[in-house]
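Me: I would like to learn how to read a model of this kind, one feature at a time. Please give me the general idea each time, and then the case at hand.

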Amino acid sequence: MDPESDTTATAPAGKVPQLPLPHQLDHQWGLWGWELLQKLRSRAPLVQCITNFVSMDLMANVLLAAGACPAMIWSLREISDFTPGVGALCINVGTLSEDGLSSMRAAAAVAAEAAGRPWVLDPAAVSASDFRMEGCIGLLELRPAVIRGNASEILALASARRIKNSKGADSTHKSSDAFEAAKSLSQSSGAIVAVSGAVDFITDGRIVVAVQNGVAMLQKITATGCAVTALIAAFIAIEQSNILEATACALSIFGVAAELGMEKATGPASLRMHLIDSLHGLNEHLLVPKMCIMRVY
């Protein structure tokens, strides 16, 4: 991005691609998702989260409910001692600062280069400022294993240009609008890219799978996107050889927990509570039939 130029841009012009009908639902996804969740619970991976101040509580509680161990450590002075021992690192740029960005860069470098640990980038509100866009572009150079964002964030990051009239961390696009951008970003970054929305799309630049779990009321609870990014980090901590599949399962399992929670909820606040309870209480009988993951390409 040229900092001297007008850094706002509209989303790429043209028609939204007509997505092919997905393949028939493969229930093997559910069985594998249950296997991964059991593995997560037995291994309890340590997940370091450098995240925004709004998301820490929900992110930590989602990780604990799933069976992982959260650590909200971001001080630059602790990175060299702490980060080599984690199972995975989650970086969310939501409340970005100069000090925070320095810690993010240091932790990503230690995780990916020194310790061989996977890390996940959540480019929250990447279009909000030049500083945020430039910070995210710099973090891409440190090779995240997964990038998870909403459609507007993925569109902006893929083009390295801020989207005009963005609404902070809220998306103004459907996940299908970012279908091709996600593939392009995956190819250029080497990361698995996950686009959250009514339908989640996950791609390695060639293969694309769709996840159709979740409820609309999640949009009324702050930090649910941040929390599912942390859950992805936990899943890839215990499944580094199949990162696309682990990412899809994390998104689907979170969505199933939301669906089960919604059966008891009366609004956003009670959904938040029942989501955490449902994630903690998931068993094979509840999970396997509800996971809805299909291959698109």
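Reply: Helices (H or I, at least four residues) and strands (E, at least two) are DSSP runs, numbered from the N terminus. Read in this way, the chain has 11 helices and 11 strands. The model is a predicted one, in which local features need pLDDT of at least 70 and side-chain atom pairs count only at pLDDT 80 or more, while totals for chains, interfaces and linings use all residues. Residues are numbered from 1 along each chain as its sequence is written, and side-chain values use heavy atoms, with hydrogens and water left out.

Me: What share of the 297 residues in the chain is buried?

Reply: Buried means under 20% relative accessible area, exposed means over 50%, and partly exposed lies in between, with a 1.4 Å probe and protein chains only. Buried residues make up 55% of the 297 residues. Ser252, which lies in helix 9 (residues 243-262), is buried because its relative accessible area is 0%.

Me: Which residues is Ser252 in contact with, leaving aside its neighbours within four places in sequence?

Reply: Contact means heavy atoms within 4.5 Å. With those neighbours set aside, Ser252 is in contact with Val211, Asn213, Met291, Cys292 and Ile293. Under the corresponding exclusion of residues up to four places away, Gly281 touches Arg41 and Leu286. For the chain, among contacts with a separation of 6 or more, 74% are between residues 24 or more positions apart.

Me: How many aromatic pairs are there?

Reply: Rings of Phe, Tyr and Trp (its six-membered ring) pair if their centres lie within 6.5 Å, and planes under 30 degrees apart count as stacked, over 60 as edge-to-face and the rest as tilted. By this rule there are 2 aromatic pairs. The rings of Phe179 and Phe201 have centres 5.3 Å apart and planes at 85°, so this pair is edge-to-face. The pair links distant parts of the chain, since Phe179 belongs to helix 7 (residues 179-189) and Phe201 to strand 9 (residues 200-203), 22 residues apart.

Me: How far does helix 4 reach from its first C-alpha to its last?

Reply: The expected span of a helix is 1.5 Å times one less than its number of residues. Helix 4 (residues 98-114), with 17 residues, reaches 23 Å, close to the 24 Å expected. Its buried residues are Gly100, Leu101, Ser103, Met104, Ala107, Ala108, Val110 and Ala111, and their cover includes strand 2 (46-50), helix 3 (76-82) and strand 4 (88-92). Just after helix 4, Gly116 takes a positive phi of about 65°.

Me: Which residues lie nearest the centre of the largest pocket?

Reply: On a 1 Å grid over the protein atoms alone, a pocket is an open set of points where a 1.4 Å probe fits, with protein on both sides within 12 Å along at least five of seven lines, and lining residues have an atom within 4 Å of a point. The largest pocket is lined by 40 residues, of which Asn150, Ser196, Gln219, Thr224 and Gly225 lie nearest its centre. Helix 8 (224-238) is one of the elements that each supply at least two lining residues, and helix 8 gives the most, with 4 residues.
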